[in-house]
Amino acid sequence: MPRRKPQRRRPQRRKDVLHGPGGERGDAFRCTSCRLDVPLTAPGTAHRNHCPHCLTSLHVDGRIPGDRRETCRGRMAAVGVTARHDGEWLLIHHCLACGKLSANRIAGDDNALALLRLAMRPLAAYPPFNAQLAL
Amino acid sequence: MSNDIPSSVLRTTAFPCVRCGLTVAAFAPDGRRRNHCPRCLYSQHVRDQVEGGPSECRSGMSPIAIAVLRNGDWELIHNCTRCGELTSNPICGDDNQFILMRMAVRPLAQPPFPLETFGDL
C-alpha cells in the first residue's frame, strides 16, 4: 500500500483589499463580518473604524487610536453604546480574539436600526434584578 | 489567589472607594471578588489591560456603559478618568440599581437621530 504523504498546500495568495502601510487601496476597507466595502470618508467623523452596516471593527490599534501597533487583528464586535456628556454616542467594541475593549464615536451613516438594537439590549434582556425596585 | 492567606482573612479584606470613600468588602455576598464600589459603581485603575500586569495609573474609573453577555448577564464598562482605558466587569447583586438603570437608558435619552421613525417598524 503506497504511503500517502499529505501534500503541502499552496500558501494563500495575499489579498490586496487590506488598507495597510503598503499603500494598497488606501481609501477603503472591507468589513470582516459582512464583507462590505467601506470607504474611509464618513459623514460626521474623521476616524471611522467600524462597518456602518454591522458595526463590526478590527483590532489593529494599540494604545493610541490609529497607531496600528496591535498584532492581534481579531474581529471586534460592538457590545454596547454609551453617551458622552455632550450627547455624542460612543460604540464600545470588544475583541473576540483577545478581549480588549475600545470606544469609538458613531458616524453619520451608521445603521440606525443596529445602533438602536444595541442601545435597547440591556433593557430588552431581562434585567438581572427587579427593575421596579430601582424606580 | 495565594494559598498561604487563610480564607477568613480574605473574606474580611476591604478597600476604600476612590470616589465616595465607602469601605467596600473585597468579596460580594455571592463569593465573587468585586472591583467596584456598590454605591457609586466607581472602580480603580490597578491593572493594565493592554500589556497586562499592574498599572501605575491608579486613578478612578467611572462606569460608562452596560454590555449584555449572550446569557443575559450585565457587564459594567469602566472608563479610566485619567488615561481613558476601558475595562469590563460583571455586576454584583448589591450594586446600585438606580445608577445601573440610569446608565442603561442614558443613550436613549439623547438619541442622535429621531426615534419616531422606529415606531412604524
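Predicted model: local features only at pLDDT ≥ 70, side-chain atom pairs only at ≥ 80, totals over all residues.
Reader: How far apart are the end C-alpha atoms of helix H1 of chain A, and what span should its 13 residues give?
Author: They are 17 Å apart, and at 1.5 Å a residue the 13 residues, 112-124, should span 18 Å, so the two agree.

Reader: Where does H1(A) bend?
Author: At A:Leu118, by about 30 degrees. A proline, A:Pro122, follows within four residues.

Reader: What caps the N-terminal end?
Author: A:Asn111 does, with a side-chain oxygen 3.2 Å from the backbone nitrogen of A:Leu113.

Reader: Which residues in H1(A) are buried?
Author: A:Leu115, A:Leu116, A:Leu118, A:Ala119 and A:Pro122 are.

Reader: And what covers them?
Author: Elements of both chains are included: strands S4 (75-83) and S5 (89-95) of chain A, plus strands S4 (60-68) and S5 (74-80) and helix H2 (97-109) of chain B.

Reader: On to the interface. How many residues does each chain put into the contact?
Author: Chain A gives 34 residues and chain B gives 32. About 2700 Å² is buried between the chains, with 75% of that from carbon and sulfur atoms.

Reader: How many salt bridges between the chains?
Author: Two. One of them pairs A:Arg63 with B:Asp48, whose closest N and O atoms are 3.3 Å apart.

Reader: Which element supplies the largest share of chain B's side?
Author: H2(B), with nine residues. S4, S5, strand S6 (86-90) and H2 of chain B each supply at least two.

Key
Residues numbered from 1 in each chain as written. Chains lettered and ligands numbered in written order. Heavy atoms only, no water. Expected span 1.5 Å × (residues − 1). Bend = angle between axes of the 7 residues up to and from the residue. Buried < 20%, exposed > 50% of the residue type's maximum accessible area, 1.4 Å probe, protein only. Contact = heavy atoms within 4.5 Å. Polar contact = N/O pair within 3.5 Å; in protein donor to acceptor, adjacent residues only side chain to side chain. Buried area = accessible area lost by both parts, 1.4 Å probe. Salt bridge = Lys/Arg side-chain N within 4 Å of Asp/Glu carboxyl O.
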